Amino acid sequence: MNQFRFSRRPDIGDKVRVSFEFFPPKTDEMEARLWDTVTRLEPLKPRFVSVTYGAGGSTRERTARTVKRILNETTLTPAAHMTCVDTARHQVDAVIQEFADFGVTRFVALRGDPAAGVGTAYRPHPDGYANGAELVGALKSVGDFDISVSAYPEKHPESPDFATDIDMLKRKVDNGATRAITQFFFDNDLYERYVERARRAGIYIPIVPGILPVHNFTQVANFSSRCGALVPAWLAERFEGLENDPQTHALVASAVAAEQVHDLVERGVGDFHFYTMNRADLVFAVCHMIGIRSHEAEAAGSAAA
Ligand code: FAD
């Protein structure tokens with residue numbers, strides 16, 4: 001990655017488009033924080049914002065409430081995540097219909113992790129949709145939705161090899177997926193290699209990198225080891241010794257994420273999906289650095305000029 005490219009690309013914001021991911025809040029306090037975040041990020045005009053869904057339908061009501069509020073109270077376009085693990089088809093179908101009835105046109109279709117947690121054995125529900133590809137098919141049979149699906153630059157931990165992983169992505173595309181959003185990653189070469197593999201397999205939908213600004217390096221390192229994402233040594237070194245220094249940690253995190261995004265732009269990527277963790281600060285800073293500004297900021301800038 002070359003930091004010096006930063007200053008030579010003031011026009012970068014014209015080429016880059018973003019989407020943001022939130023999770024449905026559990027408490028009133030978390031709800032207030034989410035809405036502060038939504039309010040802060042809304043002026044950046046993301047293509048869509050997505051709201052996650054608990055495996056087994058555990059957050060159905062909270063996801064629906066959050067999506068409805070975004071639809072009713074903001075200018076944003078929500079995408080509802082859906083999972084099918086541990087759920088009968090008719091229940092999944094009912095949720096799809098419920099979301100469609102209140103105006104959802106975008107979905108992120110996922111299988112979901114087994115109830116016992118990431119890495120434990122997955123068994124499809126006997127009357128359920130077996131995987132993400134079958135869920136895409138179910139969504140398409142209800143409406144002509146915009147459907148995002150998952151992709152794994154380091155392959156899904158359950159995939160025996162990349163060929164199996166890419167084959168699953170191909171089945172999702174064949175069933176009607178509009179785009180893939182990747183699991184987070186920190187090594188852009190892995191993403192680029194994955195996209196090349198997908199293109200060679202005849203997959204031409206956008207494969208949008210999922211960017212995770214590192215709010216807490218220790219937590220991210222733990223989670224990465226469970227979901228099969230590599231934490232490079234250089235990344236660990238950047239955050240070394242900052243466990244009790246949140247301000248410097250945040251400054252480093254925004255620089256790291258901006259560097260990653262700039263490098264991907266240099267490689268021709270134009271769309272980015274940010275895992276916000278319901279926090280605006282790092283994502284807002286990174287968007288600012290890549291030239292994505294709110295209208296208020298632009299107006300203030302031209303008034304000062
Ligand atoms: P699938 O794509 O159906 O399968 C995952 C992989 O497993 C495939 O690539 C395939 O290679 C392998 N596989 C599947 N079946 C077989 C088989 N029969 N034989 C061999 N290999 C097989 N989880 C949530 O609970 N809620 C969310 O809102 C959520 N949002 C997410 C958003 C994004 C962008 C991403 C990347 C992940 C998200 N997840 C979410 C996590 C996801 O549910 C897990 O990663 C889950 O383990 C797999 O779901 P999937 O849709 O990727 O599965």
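## Helices H4 and H5

Axes here are lines fitted to C-alpha atoms, for helices over the stretch in contact, and angles between them run from 0 to 180 degrees, taken between N-to-C directions. In this predicted model, helix H4, which covers residues 132-142, packs against helix H5, residues 162-174, at an angle of about 5°, and their axes lie 8 Å apart. Because angles under 35 degrees count as roughly parallel, H4 and H5 are roughly parallel to each other.

On the H4 side the contact is formed by Gly132, Ala133 and Val136, which meet Met168, Arg171 and Lys172 of H5. Sorted by class, the residues of this contact of H4 with H5 comprise three nonpolar, one polar and two charged.

## Helices H9 and H10

Helix H9 (residues 246-266) and helix H10 (residues 281-289) pack with their axes 9 Å apart and at an angle of about 45°, which makes H9 oblique to H10. The crossing of these two helices, H9 and H10, is right-handed.

From H9, the residues Ala250, Ala253, Ser254, Ala255, Ala257, Ala258, Val261 and His262 meet Leu282, Ala285, Val286 and Met289 in H10. The contact of H9 with H10 has ten nonpolar and two polar residues, and no charged ones.

## Cysteines

A search of the whole structure for disulfides finds zero. Cysteine 84 is accordingly in no disulfide, and the nearest cysteine sulfur, that of cysteine 227, is 19 Å away.

Cysteine 84 counts as buried because its relative accessibility is 0%, and cysteine 287, at 0% relative accessibility, counts as buried as well.

Definitions and conventions
Residues are numbered from 1 along each chain as its sequence is written. This is a predicted model: local features need pLDDT of at least 70, side-chain atom pairs count only at pLDDT 80 or more; totals for chains, interfaces and linings use all residues. Side-chain values use heavy atoms; hydrogens and water are left out. A disulfide is a pair of cysteine sulfur atoms within 2.5 Å. Buried means under 20% relative accessible area, exposed over 50%, partly exposed in between (1.4 Å probe, protein chains only). Helices (H or I, at least four residues) and strands (E, at least two) are DSSP runs, numbered from the N terminus. Angles under 35 degrees count as roughly parallel, over 145 as roughly antiparallel, 65 to 115 as roughly perpendicular and the rest as oblique. A crossing is left-handed if the near helix is turned anticlockwise from the far one by less than a right angle, and right-handed if clockwise. Contact means heavy atoms within 4.5 Å. Ala, Val, Leu, Ile, Met, Phe, Trp, Tyr, Cys and Pro count as nonpolar, Asp, Glu, Lys and Arg as charged, and the others, Gly among them, as polar.
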